[in-house]
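Please keep the picture open beside the text while reading.

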Amino acid sequence: MSTSPPAPTPVPTPVLGPDGALPQGDTKRFAVEAMFDRVAPGYDRMNRIISLGLDRRWRRKAVAALAVTPGTRVLDLACGTGDFSRDLAAAGHRPVGADFSAGMLAAAHTGTPLVRADAAALPLTDSAFDAIVCGFALRNFVDLDTVFGECARVLRPGGRIAALDAAVPDRALLRAGNAVWFRGAVPLLGRLLSRDPDAYRYLPASTAYLPPAAELVGLLASAGFVDTRHRTMTGGSVQLLTGTMA
Ligand SMILES: C[S@@+](CC[C@H](N)C(=O)[O-])C[C@H]1O[C@@H](n2cnc3c(N)ncnc32)[C@H](O)[C@@H]1O
């Protein structure tokens, strides 16, 4: 009886180019999806480590910023493993999670209904939600205009949005400290602890995708949101963007 040789372990395609270049357009879409599929099993542990456990507090603040009453239908956009959904359900809301990474959805730890979907083309009906939360995904989207347009479509008039993402502090000392952690320690931790070290080089580099605060607010307003507000937390290393659907 002949035995076939073991299949070779697939070599992951790095999300960053050889010179550290960030992918764009469709290349970005596919590379980001594949990267999250790969990191999904260890995502929660790495998330806690690189945020120094503060990610839970940031999500709680984002949920509070929605200023909605229990029972609210909330879309957890780019839900990943479902941390936001869990917090929302615990607060008495009715979350639904959406993410395009099958790996992240498979690693999710929430009883919330989950749908595999691209944020740029949500398979959800118009005005289906009272609120949207989005955690650390803005910089991963290919086209923020399109995604905010989809958010506006699936929210009812008066519905609220709260989006969290990483940011680079304005103040020099805090920016230096942030760089030591995010550009120095995080890639090193990725090399030591993650099955996809490249992902933890992409993480700090990908903040470069994000437009400045005023432009982010302008994009949200162009999509039809009012009462738009941008604030930062933890010394400017995290940003929270909120608005209300007109
Ligand atoms: C950094 S993780 C954040 C996950 C979760 N929101 C959290 O707070 O932990 C970013 C997530 O965005 C998802 N994502 C990125 N681009 C997406 C897109 N175009 N459509 C849907 N999900 C997307 C990824 O699959 C990943 O799960």
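The numbered points below go from the whole chain to its sheet, and then to single elements and the ligand.

1. A word of care comes before anything else. This is a predicted model, in which local features need pLDDT of at least 70 and side-chain atom pairs count only at pLDDT 80 or more, whereas totals for chains, interfaces and linings use all residues. Residues are numbered from 1 along each chain as its sequence is written.

2. The chain holds 9 helices and 7 strands, where helices (H or I, at least four residues) and strands (E, at least two) are DSSP runs numbered from the N terminus. Its radius of gyration, taken over C-alpha atoms, is 18 Å, which agrees with the value near 18 Å for a compact globule of 246 residues, the globule rule being 2.2 Å times the number of residues to the power 0.38. Along the principal axes, the C-alpha trace spans about 65 × 55 × 35 Å.

3. Of the 246 residues, 41% are buried; a residue is buried if 20 or more other C-beta atoms, placed from the backbone, lie within 10 Å of its own, exposed if 12 or fewer, and partly exposed in between. Among contacts with a separation of 6 or more, 63% come from residues 24 or more positions apart, a contact being two C-beta atoms, placed from the backbone, within 7 Å.

4. The 7 strands form an open sheet with mixed pairing, in the order β3-β2-β1-β4-β5-β7-β6, and two strands are said to pair if DSSP finds at least two bridges between them. The edge strands, each pairing on one side only, are β3 (114–116) and β6 (225–233). β4 and β5 (residues 155–166) run parallel and are joined by 6 bridges, with G135 opposite L164 in β5.

5. How does β7 pair with β5 and with β6? With β5 the sense is antiparallel over 7 bridges, and D165 stands opposite Q239 in β7; with β6 the sense is antiparallel over 7 bridges, and the bridge partner of H230 is L241. β6 and β7 make a hairpin with 4 residues between them, and T234 in its turn has a positive phi of about 50°. Since 7 of the 8 residues of β7 are buried, this strand is largely enclosed by the rest of the structure.

6. Helix α4 (residues 83–90) is likewise described as largely enclosed by the rest of the structure, because 6 of its 8 residues are buried, namely D83, F84, S85, R86, D87 and L88. What covers these buried residues includes α3 (55–66), β1 (73–77), β2 (94–99) and β4 (129–135). Just after α4, G92 takes a positive phi of about 90°.

7. Around the ligand there are 20 residues, of which the closest are A78, G80, S101, A119 and G135; a residue is near a molecule if its C-beta atom, placed from the backbone, lies within 6 Å of it. The elements giving two or more residues to this shell are α1 (25–39) and α4.

8. Finally, look at Y202 in helix α8 (residues 199–205), which counts as buried because it has 24 C-beta neighbours inside 10 Å. Leaving aside neighbours within four places in sequence, Y202 is in contact with V15, L16 and M35. The C-alpha atoms of Y202 and V15 are separated by 7.0 Å, although these residues are 187 residues apart along the chain.
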